[in-house]
Amino acid sequence: QVQVVESGGGLVQAGDSLRLSCSASGRTFNLYTMGWFRQAPGKEREFVATITWSGSSTYYLDSVKGRSTISRDNAKNTVFLQMNSLKSEDTAVYYCALQMGYYTSRSFYTDARSYDYWGQGTQVTVSS
């Protein structure tokens, strides 16, 4: 059983930065694509960013592109989401997810149904 745990959320002001971390158990972390999703109150869960197992490819939600960077440290079984210039609309619970399947299409990387293990989420609140 794989365990995924997020950390780093909090209350910040608009324009601030925040770095979310996600650790996953297992010795084969370096084989899995990792993604970040978020869910705001009253809204559906949406894709934010993903990084493939090698780190060679990353994908972002258009509204966070240029403000956010996803990265991973396979030696530490950890993936990060650096978010800058935060806006009130970034307020949400942020979830980290692990994808065990091997896909080559962006549609799978951004689809929550393609992910197999999820963390409990970490709250990010941006005050304006």
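Rings of Phe, Tyr and Trp (its six-membered ring) are taken to pair if their centres lie within 6.5 Å, with planes under 30 degrees apart counted as stacked, over 60 as edge-to-face and the rest as tilted. The model is predicted, so local features need pLDDT of at least 70 and side-chain atom pairs count only at pLDDT 80 or more, whereas totals for chains, interfaces and linings use all residues. Residues are numbered from 1 along each chain as its sequence is written, and side-chain values use heavy atoms, with hydrogens and water left out.

Six aromatic pairs are found in a search of the whole structure. Helices (H or I, at least four residues) and strands (E, at least two) are DSSP runs, numbered from the N terminus. Phe37 counts as buried at 1% relative accessibility, and Tyr115 counts as buried at 5%; buried means under 20% relative accessible area, exposed over 50%, and partly exposed in between (1.4 Å probe, protein chains only). Phe37, Phe47, Tyr115 and Trp118 form one aromatic cluster.

Arg45 lies over the face of Trp118, at 4.7 Å from the ring centre. Arg45 also lies over the face of Tyr95, at 3.8 Å from the ring centre. A charge sits over a ring if NZ of Lys or CZ of Arg is within 6 Å of the ring centre and within 35 degrees of the ring normal.

One disulfide (a pair of cysteine sulfur atoms within 2.5 Å) is found in the whole structure. The disulfide joins Cys22 to Cys96, with an S to S distance of 2.1 Å. Cys22 lies in strand β3 (residues 18-24) and Cys96 in strand β9, so the pair ties together parts that are 74 residues apart in sequence. The link of Cys22 and Cys96 is left-handed, with -80° about the S-S bond, and both cysteines are buried.

Strand β9 (residues 92-99) is joined to β11 by three bridges, and the two run antiparallel; strands pair if DSSP finds at least two bridges between them. Val93 stands opposite Gln123 in β11. Strand β2 (residues 10-13) pairs with β11 in the parallel sense over four bridges, and Gly10 has Val124 of β11 as its bridge partner. In a regular strand the side chains alternate between the two faces of the sheet. In β11 (residues 122-127), Thr122, Val124 and Val126 make up a covered face, while Gln123, Thr125 and Ser127 make up an uncovered one.
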